[in-house]
Amino acid sequence: MKNYFILFVLSVISIASIAQDRSQGRRGYDMSNFNGVVTGKVVDSLDRTPVEYATVALYRQKDSSLVTGALTDESGKFIIEKLKPGRYYAEIKFIGYETRRIGGIAITPRSPNISLETCSILAANENIEAVVVTGEKKMLLHNLDKKVFNVDKDVSVEGGTAADVLENIPSIEVDTDGNVSLRGSSNVNILIDGRPSMLTSMDELPAQMIERVEVITNPSAKYDPDGNTGIINIVIKKRKEPGYNGMVSLNAGTGNKYNAMASMNWRQEKVNLFASYSFRKGEMNRYSLGNRVTFFENTTDSSFLDQNSTGQARMMFHNIRGGFDFFLDNKTTLSITGNLNFRSFDMGTDLFSNSYNNFNSDFLQNNRITNNGYDGLGHEYSLNFKRKYDIAGKEWTADVFFSRRNNDFLSDISDISEEEIFNSITSPDVFERATNDDWMNAFTAQTDYVAPIGNGGRLETGVKAFIRKSDADYIYNVFNTNGNIWEYDATRSNHFIYTEQIFSAYGIYSNTFADGKFSYQLGLRVEDQLAKSELKNTNTVADTNRLNFFPTAHIRWEPSNAHSFQLSYSRRVNRPYSRVLNPFLNTSDKYNWSQGNPYLEPEFTSSIDLSYNLNLRKTKVTASVYYRDTRNGFSRNMKVLTQDDLNAMGFDTLGYFPTLSTFINLSHYENWGSEFVLTQNIAKWWRINASYSYYYSKLYGDVVSGADEGSSWNVKLASYFTIGKNVDLQVRGNYRAPSVTVGGSGRGFHMIGGAQGETKEMFWFDLGARIYVLKRKGTITVNVRDIFDTRKLKYSSWDTNFYSYNENWRDSRMIFVGFSYRINNYKMRQTKNNEMDDSFDIIE
């Protein structure tokens, strides 16, 4: 018994000593400076792409009380700091995804830093029925400040161009001439990989080169504020998987249309090489007809003009792109990219004109033949540096970008058989030639810095310098039949130089609150613009210097996984470009003159957007309403010149009265609108996408009666069918209702209507099929565009003394057949069970 008592006493003493040692050990840690940290990266469980703006909330294990949280950055990374010792669990949420819980997170003095590594989350609308998941990206994704449309799912664009891709996206419209508008306005900024591009047309870029399209109606302060309705950013495909992968694509269409593309990527250890080449050749027939009636003041006389034209265009495009990424270490990347673009365009046009006055003897008939030749060369170079840090979410980037575009334009014009019919007087043939040699340089340098700040917040800041110069030398010659020589016409030649410098800085702060259900972003961009335009012929110089502020704000409320609301605001600018600033009077078309306005002011737009998103397993709905107020809104202005106007301009009696098109600033105009987008999985083999957009516009200022307000709407419907494992079918229809042409439709003097006209309705249907062959490495596609041949651009314009109506159309009913083959870049994922375990993932 005595021995047991001694053993018991020794045990008590030992336990007390150990407890005292541990107590002293705990007191030995300085808890005042303790900083527990949890880091990780959030990716899509299917395609492993980073999920930006996902909410990561941290809760105490014992009582489920919220401690703090963070948002993921563009690379999907997050960091949560200033944590006290304890046991926690995390919840990862993002709109359209299942919530994921991760438990067993223990912060201790010995283990203050916990890494959750890569956390994958499953898209809610992918979690339907037992299916074989092939790793395809979702067609539509939502981030805090943008919508992302993945092109791979769209069958109808195979063999097409960027214009075909854009016209299938909700909110975007593309007319028959390839002009792009967003939410009913052509004042949209189109970027390629986040930068302005040297492309002169969306038809130059093959659809197969496009990975995704980002539509940003209220961009954050990080983006340039150009484009009143927002930004369309086209992202080019670029792979970084280890090893070699690539794709080859060949397409042929009716009407002698051909295109091909080859791309490759090679990644090994610290180097990633990529290159692509695309070729496009085609012919296009174009047609137009128009008529105009002019009413002369204080008389009953009228003048009539009827015109119709036919033309054939031949196009050739080559695009070479390449570069490399060099991974200096696991946190530092240096990238160099180059792009070379060759383009040629030849078009012959026959224009027939009949003009007469009240059916009297002044009946003039004219046949004008024009042969245009265009050759262009563009090249771009970029140097990009990216540095990441041990602190997740902290990043520094620096970029330098240079581009140059050269264009050579030659136009041979023949006025043949101009004849006064009733007088039987025939004028001699007139031969004219116009050449335009122009170039433009653009240089950009910027640096951006992103870092976590405060309790789960994030700070973004950066500075940018943009310098651009363009030089256009337009030379007009008339052929002297007596001397058999070309003579320079100084009155119709001009040399215009435009220089612009923009220096800017921005700051953005983002965070979450209320258990991570609310996320917000606040930003401000400051820009100093210096611009100078100079018409060499007359030594006319116009200088501008403007300091502008562009605030942005975004807030999102996600009460549950299925529902979210978002409110955003931004202030933006639409700056007139050189062609509409050039004050030169262009009279090459005797019936339609044009002249720029060097004093045209930029237009500034304040935009508010409220949207709602519903995400169910088989149904996805996006609904939004918006309001835009545009000050100094500029618009094309067209009028028929009277004899008094011609006399004031130094012209004697011409025998006809041409129109003069220029640009003016309105006081302002307002736009209201709403959008509705539905994605519905009806069955495993059938899915539909539908969108409806409504626009209303009200103009104030120098607006022609009847064109000061109006509404319009459009509907897009696509139905996707899966037949077996290897066949996809798609049927797509588009309808656009008549609309007032606020600000005009199109670009430059090709704009129609302005504040004095409207466009008519337009509709068309497309059909596409995709067949997977060669173990899904190969794809055969068949597409039929504009099945019923209904795509025509119809518009009317009017003023107090004239009314005109026009129709333009081109070959639109086409059949494309194509084949593409993928090398090492298509990998089937394993079958996933749709039964998800809602329990905690434990971090050991």
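Predicted model: local features only at pLDDT ≥ 70, side-chain atom pairs only at ≥ 80, totals over all residues.
A polar contact here is a pair of N or O atoms within 3.5 Å, where within protein one must be able to donate a hydrogen and the other to accept it.

**Entry: Ser335**

Is Ser335 buried or exposed? The relative accessible area comes out at 9%, so Ser335 is buried, given that the cut-off is under 20%. Next I looked for a polar partner: the side chain of Ser335 makes a polar contact with the side chain of Asp325, at 2.5 Å. Asp325 also turns up in the contact list of Ser335, together with Phe324, Ser382, Leu383 and Asn384, once residues up to four places away in sequence are left out.

**Entry: Arg572**

I moved on to Arg572, which sits in strand S30 (residues 563-574). I then turned to backbone atoms. The side chain of Arg572 reaches the backbone oxygen of Asp226 at 2.4 Å. A polar atom of that Arg572 side chain also lies 2.6 Å from the backbone oxygen of Gly227. So that I have the surroundings on the page, I note that Arg572 touches, among others, Pro225, Asp226, Gly227 and Asn228, and also Phe550, Glu603, Phe604 and Thr605.

**Entry: strand S25 and its partners**

How many bridges pair the two? I read off 22, in the antiparallel sense. Along the way I saw Ala442 opposite Arg468 of S25, and Ala445 with Ala465 as its bridge partner in S25. S24 and S25 make a hairpin with three residues between them, and Gly454 in the turn has a positive phi of about 65 degrees.

S25 is also joined to strand S27 (residues 494-513) by 17 bridges, again antiparallel. Gly462 stands opposite Tyr506 of S27. With strand S26 (residues 485-488), S25 has four bridges, antiparallel as well, and there Asn477 faces Tyr488. The hairpin of S25 and S26 has four residues between the strands, and Asn484 takes a positive phi near 55 degrees.

**Entry: a four-strand sheet**

I then looked at an open sheet with the order S31-S32-S36-S35 and mixed pairing. Which strands are at its edges? They are S31 (585-586) and S35 (634-640), each pairing on one side only. S31 runs antiparallel to S32 (residues 592-595), with two bridges between them; Asn586 has Ser594 of S32 as its bridge partner.

**Entry: whole chain and confidence**

Stepping back, I noted four helices and 48 strands in the protein chain. Of its 844 residues, 51% are buried. Among contacts between residues at least 6 apart in sequence, 68% join residues at least 24 apart.

My last check was confidence. The chain averages a pLDDT of 81, and 83% of the residues score at least 70. Over residues 826-844 the pLDDT is below 50, with 38 contacts beyond near neighbours in sequence in the model. Residues 743-753 also stay under 50, and there the model has 43 contacts beyond four places in sequence.

Notes:
Residues numbered from 1 in each chain as written. Heavy atoms only, no water. pLDDT = per-residue confidence, 0-100. Contact = heavy atoms within 4.5 Å. Pairing = 2+ DSSP bridges. Buried < 20%, exposed > 50% of the residue type's maximum accessible area, 1.4 Å probe, protein only.
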